[in-house]
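Here are some questions about the terms used for a protein structure. Each answer sets a value against a definition.

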Amino acid sequence: MTNTHIQGKATNPFLSKALAPLSKHYAPTDAVEIRIVRPGRVMRDRRGKGKEAVDDPELTLAVIEGICTSLANKHGLKFDADTHPKLSCVLPGGHRFECLLGASVQSGISLAIRCKHPFTPTWEQMGVTEPILKYLLEAVELEKNIIVSGSTNTGKTTLLNKFIDTLPDDERLVAVEDAPELHIDKFEDDGTGLLADREANADSSLITYRGLYDHKMRITPGRIVFGEISTLNAGAFLNALTAGVAGMMCSIHGNNPHQLIKRKFIQLTAMGGEVVSDAPEILMETIHMIVQIKRDKDGFRRITDIYEPINDHYVLKDGKEITS
């Protein structure tokens, strides 16, 4: 099995001991992200407080290698500082762990933890006014196709889950992702969560996004929600968009709606080996709303833009409502 994201489960004492030098930094409930680019120095991003750099001599390169080895053993993944220096997994508690060691990093180490402490911001905290909230919720209820766009760790999945939480419990929802982050437990009677293999590895028991396409279309989805769009699933998402399923939603890394429409999907499908040159036309014809979300210096996320590709119209731009 390759180094893919696997959902973290309740840990054991040995793993807890191995993680202890690092867990003290990501355990606080206001922790948003932890980064290490050289041994003994930790950059912590905390909600409402912003970034702070702290010295921690305990986090030597050897200790970090040991942490990676313990995590790899826990999840049945390959890790070796010389031959397999990259590890991606999920820590106990659901925190995303990413580490690359060795010659591919100038400083010798690049480690990041995206914390997943339970925190659901209010619509007000996200900068949403009553009229905009009404507009957003009506779009979800009316089965509009919605893309949530933003840079890394801006709260895209959080916003997507807020939309999902407004759906009725009897919704026939099919979630497609490579790490289980979408809130689908409420649809236990008629909801299906599909997990794809990120690395298309022959040793994995997971099916690729391409392989899951036929299955999800044959199980009568009422609404399909993708996790984060990547090189592996951009083509599958575009195919589903043109298959007549209503109310599709997804998240994607994007700087602004226009860039996303004009370039992002062409780039992703090209990198994935199947260029979809008419992606901009498909998106302009099928996507009702792109919601752009950004993270402020205080660590809070706010919706800054709402664009309707199908109408070529901004409802919200740079945080200001467009009335005409």
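Q: What angle do helix H1 and helix H2 make, and how far apart are their axes?
A: This is a predicted model, in which local features need pLDDT of at least 70, side-chain atom pairs count only at pLDDT 80 or more, and totals for chains, interfaces and linings use all residues. Residues are numbered from 1 along each chain as its sequence is written, and side-chain values use heavy atoms, with hydrogens and water left out. Helix H1 (residues 13-26) and helix H2 (residues 61-75) pack at about 140 degrees, and their axes are 9 Å apart. Axes are lines fitted to C-alpha atoms, for helices over the stretch in contact, and angles run from 0 to 180 degrees between N-to-C directions. Helices (H or I, at least four residues) and strands (E, at least two) are DSSP runs, numbered from the N terminus.

Q: Why is H1 called oblique to H2?
A: The angle is about 140 degrees, which makes H1 oblique to H2. Angles under 35 degrees count as roughly parallel, over 145 as roughly antiparallel, 65 to 115 as roughly perpendicular and the rest as oblique.

Q: Which residues of H1 and H2 meet?
A: Leu 15, Ala 18, Leu 19, Pro 21 and Leu 22 in H1 meet Val 63, Ile 67, Ser 70, Leu 71 and Lys 74 in H2. Contact means heavy atoms within 4.5 Å.

Q: What makes helix H4 mostly covered?
A: In helix H4 (residues 156-165), eight of the ten residues are buried. Buried means under 20% relative accessible area, exposed over 50%, and partly exposed in between (1.4 Å probe, protein chains only). Among the buried residues of H4 are Leu 159, Leu 160 and Phe 163.

Q: How do you know that strand E1 and strand E2 pair?
A: Two strands pair if DSSP finds at least two bridges between them. Strand E1 (residues 31-38) and strand E2 (residues 41-46) have five bridges, in the antiparallel sense. One of the bridge partners in E2 is Arg 44, for Ile 34.

Q: In which sense do E2 and strand E3 pair, and over how many bridges?
A: E2 and strand E3 (residues 50-55) pair in the antiparallel sense over six bridges. Val 42 has Val 54 in E3 as its bridge partner.

Q: What makes strand E9 and strand E15 edge strands?
A: Nine strands form an open sheet with mixed pairing, in the order E9-E8-E10-E11-E7-E12-E13-E14-E15. E9 (192-195) and E15 (320-321) are the edge strands because each pairs on one side only.
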